Amino acid sequence: MTISRRNLLKMGIAAGTAVSIPSVLRAQTAPNPDRTVRMVLEELRVFDPVATTADITQTHALAVYDTLFGVDSKFVPQPQMVGKWGVSDDKKTYTFELREGLGWHDGTPVTAADCVASIRRWGQVAPGGQLLMGRAKDISKRDDKTFTIALKEPLGVLPSILGFPGPFVMREKDANLPPTEQATDNIGSGPLKFNHALAKPGASFTYDRNEKYVPRSEPADTYAGGKVVNIDRVILDNIADQQTALAAMQAGEVDFFLRPSGDVFPMIESDPNLELQVLNPWGQDAFVRVNCLQKPFDNVKARQALLHLLDQEAFMRVMSPDPKYGRAVTSLFGANTAYTNDENTGWFKKGGNPEKAKQLFQESGYAGEKVVILQNEGSPQFGNAGQLVGAALQKIGVNVELASSDWGGIVARRPNKGPVEEGGWSIFLSSEPLGVDIFNTVSLPMNGDKAWFGWPQNDEFEALRAQWADLETLDERKALARKMQRICWEYVPQVLLGEYVNPIVRRKTLTGLIGLPSEAVPMWNMQKA
C-alpha cells in the first residue's frame with residue numbers, strides 16, 4: 001500500500017512522527033548511477049530509533065547516527081564513537097573519551113553533552129537502558145570530549161548494552177526531547193546524510209555519503225569497525241508488491257530486495273544476474289505478540305490457549321517453505337543457542353492441540369470479544385501467517401478481525417494500549433534476532449507499562465532478569481535461563497511460530513554487504529560494480 005505525503009504527515013502528527021521536509025527544495029547534483037544503490041526494504045514512517053525497534057527505523061538510524069560502541073560478529077563490544085575508555089577499580093565508574101573527527105551533519109562538533117543526553121533519553125525506553133538507569137548514580141560530562149557513568153553497583157555488561165546497538169547518539173537538543181516526542185530533524189553524525197530535499201514520503205527516501213565522516217581504522221565487522229561508505233547515494237524505494245519489486249530487480253532498476261518470499265526462490269536462483277544471500281546467519285524467531293492489557297488476552301488462560309493452538313510446522317510452510325531456512329522452536333532462547341532448554345515445553349505438539357486451546361479459551365471466560373490481528377500485507381511471510389492465526393482462532397469459535405496494513409501502519413498502531421474499539425489491537429506478528437547472549441534477558445522485559453508492546457507484567461520474571469547481568473559463568477546463566485523460561489511459558493507474553501533465516505536477494509553487481517543479527521541493513525562497506 002502506497003500512501004500520499006499528505007496522509008503520511010497526518011498520520012505522523014497523530015502518532016508524534018513527522019519527517020522534517022524544508023519548504024524550499026535545494027538543487028541537487030545528479031549522482032553517478034554506478035555509485036547509487038537502490039534498495040527495497042519496508043516503508044519508513046517512524047524516524048526516531050527511540051520510538052520503535054522496527055528494522056526499517058534501525059536501518060535509517062544506522063545510516064544517519066552513530067553509536068558509542070558496536071558489537072562485533074562474536075558479540076564482543078568494540079569502541080565506535082568512543083576513543084578511550086576505562087573503569088575504576090571498584091567497577092562502579094566508567095569514563096569515556098570521544099575519538100577525534102566526530103561532527104554533526106550541520107557542521108557542529110559532537111560533544112560529551114550530546115552523549116549524556118542521548119543515553120538518558122534512550123535509557124527511559126530501551127530495556128538495556130532501563131537496566132543501566134536503574135543502577136546509575138550519575139551520568140555527566142567531564143569536559144567537551146569526556147563523560148562518566150557512575151553506578152550504584154557494578155554492571156559488567158555495560159559496554160555490551162551500549163553496543164547492540166546501544167543509544168544512537170543525537171544532538172543534545174534532539175536528545176532533550178521526551179521519548180514520547182519524536183526527534184525528526186534527522187541530523188546525525190553517521191556515515192550517511194539524510195537528504196531532506198529528496199524525501200518523498202510513501203515513495204522513497206534518499207541518503208548521501210557523508211564526505212566528512214571519519215571511519216574507524218578497523219575492518220567492518222557487524223556493528224563494529226570502520227563504516228566506510230563506498231557509494232555516493234542510497235535510495236530506499238517503497239515497493240509493496242513482491243512481483244513489482246522482483247521485476248525491478250531483474251530489469252536492473254533495483255539492486256537489493258530485503259524479503260523475497262520463498263515461492264520465488266527458484267526464479268531468483270535461475271536468474272544469472274541475481275543472488276540469494278543470508279545476511280543474518282543467527283536467524284530470527286517469529287512470534288505472535290499479544291496485548292496483555294485488553295480482553296481476551298488479559299486472561300492468562302487465553303494466552304496459554306495460543307500455545308496449544310498454533311501449529312509451528314504449518315507456519316514454517318508459509319513463512320519459510322524451504323526446510324533449509326526454517327524449523328520449529330520451543331525455547332525462549334532459540335533452537336540452538338547456549339541457553340536453549342526444554343523447561344515447561346510440554347505444550348508443544350505437532351499439528352497443535354485445538355481442543356485444548358478451545359477448553360482454555362472457555363475457562364478464560366471468553367465471551368465473544370473481538371480479536372483484532374494486525375496483518376502485515378506488505379510481507380507475504382507475515383501476511384500469510386496472520387491469516388493462519390486468524391483461521392485457527394476462528395475454528396475454535398473466536399471472533400476475529402484482520403486489520404490489514406503495511407508494516408509502517410502496524411508500527412504506528414501498536415503503541416495504542418486501548419481497546420480495539422478505540423484503535424487498539426489484540427495480536428500482531430513479528431520476529432526477533434537470535435545470537436546475542438543477553439538479548440532475551442535484558443531485552444525481553446515483563447515490567448508492565450515499561451515493557452515492549454503487549455505490556456506484560458510479571459515481577460518474578462523481572463527479578464530473575466535483573467540477575468542475569470551479574471552472573472559470571474555459563475552454567476549459572478543456563479540455570480537462570482531454565483527458571484526464566486518456566487515463567488515465560490506460564491505467563492505467555494508471546495507465542496513462537498518457528499525459527500528461520502531470511503535470504504535477501506541482490507544483483508551480483510552489489511557486493512560487500514554487512515550481516516547483522518537483525519534485519520536492519522547497514523549502508524556502509526557495500527560496493528557496486
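## Basis

This is a predicted model, in which local features need pLDDT of at least 70 and side-chain atom pairs count only at pLDDT 80 or more, while totals for chains, interfaces and linings use all residues. Residues are numbered from 1 along each chain as its sequence is written, and side-chain values use heavy atoms, with hydrogens and water left out.

## Salt bridges around Arg-259

The structure holds 30 salt bridges (a side-chain nitrogen of Lys or Arg within 4 Å of a carboxyl oxygen of Asp or Glu). One of them joins Arg-259 to Asp-55, with an N to O distance of 3.7 Å. Arg-259 lies in the loop between strand 13 (256–257) and helix 8 (265–270), and Asp-55 in helix 2 (residues 55–64), so the pair ties together parts 204 residues apart in sequence. Helices (H or I, at least four residues) and strands (E, at least two) are DSSP runs, numbered from the N terminus.

Arg-259 also forms a salt bridge with Glu-519, the closest N and O atoms being 2.6 Å apart. Glu-519 is in the loop between strand 22 (510–511) and strand 23 (527–528), 260 residues from Arg-259. A network of salt bridges links Glu-42, Asp-55, Arg-259 and Glu-519.

Arg-259 is buried at 13% relative accessibility, and Glu-519 is buried at 7% (buried means under 20% relative accessible area, exposed over 50%, partly exposed in between; 1.4 Å probe, protein chains only).

## The Lys-227 and Asp-66 pair

Lys-227 and Asp-66 form a salt bridge with their closest N and O atoms 2.8 Å apart. Lys-227 is in the loop between strand 11 (204–209) and strand 12 (233–237), and Asp-66 is in strand 2 (residues 66–67), 161 residues apart. Lys-227 is buried, with a relative accessible area of 2%, and Asp-66 is buried at 0%.
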